[in-house]
There are 2 protein chains.
Amino acid sequence: MLSATPQVRPRRLSVWFDYASPYAYLAVSRVGALARERVPDCEIDWRPFLLGPIFQRRSNSAGPFMEMSPAERHYRWRDLKRHAALYGIPWTLPKRYPPAGLNAARLTLVALERGWGEALIHALYRAAFVEDRDIGDDLVLAGIVADLGHDAADLLTAMKSSAIKARLTRQVETAIEGGLFGAPSFVVDGDGTGTGGEVFWGNDRLEQALAWASAPWLEQEKHQEAVQGA
Amino acid sequence: MLSATPQVRPRRLSVWFDYASPYAYLAVSRVGALARERVPDCEIDWRPFLLGPIFQRRSNSAGPFMEMSPAERHYRWRDLKRHAALYGIPWTLPKRYPPAGLNAARLTLVALERGWGEALIHALYRAAFVEDRDIGDDLVLAGIVADLGHDAADLLTAMKSSAIKARLTRQVETAIEGGLFGAPSFVVDGDGTGTGGEVFWGNDRLEQALAWASAPWLEQEKHQEAVQGA
């Protein structure tokens with residue numbers, strides 16, 4: 001059937017992030033302004049998830065920083081410091097690493113549901129990578145929620161509900177099924193699950209993800225074709 | 001002692017590459033023109049080395065593509081294809097991966113010594129990642145050398161000499177001692193060994209390495225300071 005008019009729709013950028021990832025902190029700090037500038041009609045779809053269960057499933061598990069060689073870990077901290085300076089983003093080498101992001105991710109799901117997720121995301125990353133606070137601590141989480149003007153007791157109860165726990169678990173499953181393996185990841189024009197579109201991995205691919213949302217520079221084939229025979 | 005005039009010296013960019021790395025292919029294809037444009041007085045110091053021995057020494061060894069999760073390998077090929085298209089660099093998904101780059105690296109040391117290393121480097125990467133030829137095969141190497149107008153028999157003999165084998169082994173040791181752990185790596189203003197300067201890892205950091213060569217945006221402190229307490 002021939003269609004008379006092309007479909008117009010806003011672009012969607014799904015941003016997958018883990019509070020344990022300092023590169024996700026850089027990307028999350030940049031994406032709002034950059035997306036508004038480069039893809040004005042772009043909707044940002046925030047997707048907290050956890051890398052831990054993904055790394056655990058690998059036959060040859062190498063976690064992020066924890067199991068890197070000393071040379072690579074050394075390099076990564078330097079790389080992060082260079083990037084923060086380049087972007088003008090505040091950055092403190094965390095004394096505790098990685099942050100315990102499990103409850104923070106659950107809390108973020110609650111806040112997203114209630115419409116103030118983005119403010120919480122920035123506050124949590126700032127706590128972890130600027131203020132070097134322990135976001136695994138309920139008291140720290142309660143303080144952050146209260147500072148944002150919400151009822152901390154109510155929020156922490158919701159955060160610990162079995163419904164929210166199950167939702168985060170499902171979100172991690174969705175990420176794995178969608179082929180994600182690291183954070184931050186960006187999915188351009190995915191489906192309602194935040195996957196199924198063009199995948200970009202890493203803070204250093206954010207500009208490419210936004211460029212793709214404006215004008216994909218490869219034919220919009222399915223990923224499968226690109227890896228035929230791989 | 002006060003010095004009357006600041007020292008002026010050309011900048012040096014050491015480019016560490018392994019023929020097994022498709023991202024090194026992208027970087028090696030780009031660095032010449034980009035360096036001439038952005039850092040006109042920049043000298044490129046070509047450093048073939050091998051990642052294999054570096055990965056083998058890791059307690060938790062995860063090689064490059066070979067041992068990645070299927071999702072990550074899938075993503076990487078797509079990422080390479082996107083980059084090649086973006087840069088306008090020819091690219092063929094290789095049927096044999098990774099290329100057997102040991103003898104190619106040795107041959108490169110010989111050619112660098114004789115003053116035509118750069119031409120060989122481009123020819124070898126083209127053979128591996130555009131023409132999908134087996135650069136581990138002596139006949140293929142001989143053909144490439146002959147096409148460049150040199151005596152293949154002579155070169156292959158030199159390539160297999162114990163002196164050249166020892167030099168490549170030493171070069172890998174130098175890389176490890178200098179904190180390198182992946183390819184491509186760029187070292188800005190290192191010492192005579194190609195290490196000891198500011199390290200950047202990955203094709204996606206080439207622009208930053210050149211920017212650093214022009215104007216380092218962090219104080220020129222020693223790396224150690226950046227990772228205090230890390």
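Analyst: In chain A, F17(A) has P48(A) of β2(A) as its bridge partner. The model is predicted, so local features need pLDDT of at least 70 and side-chain atom pairs 80 or more, while totals for chains, interfaces and linings use all residues. Residues are numbered from 1 along each chain as written, chains are lettered from A and ligands numbered from 1 in written order, and side-chain values use heavy atoms, without hydrogens or water.

The bridge at F17(A) sits where β1(A), residues 12–17, runs parallel to β2(A) and pairs with it over six bridges; strands (E, at least two residues) and helices (H or I, at least four) are DSSP runs numbered from the N terminus, and pairing takes at least two DSSP bridges. These strands belong to an open sheet of four, in the order β2-β1-β3-β4 of chain A, whose pairing is mixed. Its edges are formed by β2(A), residues 43–48, and β4(A), residues 198–201, each of which pairs on one side only. On average, neighbouring strands of this sheet are turned by 20° against each other, with direction ignored.

Across β1, β3 (185–188) and β4 of chain A lies helix α9(A), residues 206–214, which runs at about 5° to β3(A); angles, from 0 to 180 degrees, are taken between N-to-C axes fitted to C-alpha atoms, and contact means heavy atoms within 4.5 Å.

In chain B, strands β1(B), residues 12–17, and β2(B), residues 43–48, pair in the parallel sense over six bridges, and within that pair V15(B) stands opposite W46(B) of β2(B).
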